[in-house]
Amino acid sequence: MNASSLLKLYLGRGVLAVAWAAAFAVAHDPIDALAITLLVVYPLIDAVSSLIELRALPDGSERRLTLFNGVLSTLAAVGVGLAGAGGVAAVLHVFGAWAVVSGAAQVLVGLRRRGPELGRQWPMLIAGGLSFLVGVFYNIQAAGDDASLDVLSVYATGGGVFFIIQAGLLAWRARRPRTQTV
């Protein structure tokens, strides 16, 4: 995938995540049809992004990992939709499991894209690592008495901001004059 396509994908994905977080912050309590719909939409954003990315990737390990993430995100959408009927703890368990696995996948993709032409991928590596850790936290929180879906808006905002930062780094990189090596 070239830097220009990745920039557009990251920027769109980041803006959608921040918009989702704002909508979910207002609409998640109580867990009703609107909240469940929003819960399903968030992993679908990731699944659609993976599909868009998949179309531009050559065969290889990065393509397989992107396909895996798209399938995982689709399953997460179904899972959080079903978990919505079980309440806050059930949603946090499913969302947390998805965050752990997709965060690990994001780190692996970021490591494969570390070249200078794709902006070294530091924001994506940080976001993937945080997703992994936060997913673990969600599962711990879901087992306790203080489970709350408030944390999902913070998670989505953080992820969205990291995608926007990565898009900005790609744009900055594209505008820098290229130095020639002899």
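This is a predicted model: local features need pLDDT of at least 70, side-chain atom pairs count only at pLDDT 80 or more; totals for chains, interfaces and linings use all residues.
Helices here are DSSP runs of H or I with at least four residues, and strands are runs of E with at least two, numbered from the N terminus. With that in mind, over residues 122–140 the chain is 100% helix and 0% strand, with the end C-alpha atoms 27 Å apart, and over residues 152–172 it is again 100% helix and 0% strand, with 30 Å between the end C-alpha atoms.

Residues are numbered from 1 along each chain as its sequence is written, and side-chain values use heavy atoms, with hydrogens and water left out.

Let me turn to Ser-73, which lies in helix α3, residues 61–83. Ser-73 counts as buried because its relative accessibility is 0%, where buried means under 20% relative accessible area, exposed over 50% and partly exposed in between, with a 1.4 Å probe and protein chains only. Leaving aside neighbours within four places in sequence, Ser-73 is in contact, meaning heavy atoms within 4.5 Å, with Pro-43, Asp-46, Ala-47 and Trp-98.

Finally, the UniProt record, an unreviewed entry, gives the annotation "transmembrane region" to residues 7–27, 33–54, 66–84, 90–110, 122–140 and 152–172; UniProt positions are given in the numbering used here, feature names are shortened, and such annotations may be inferred rather than shown by experiment. Two of those annotated stretches, 122–140 and 152–172, are the ones I began with.
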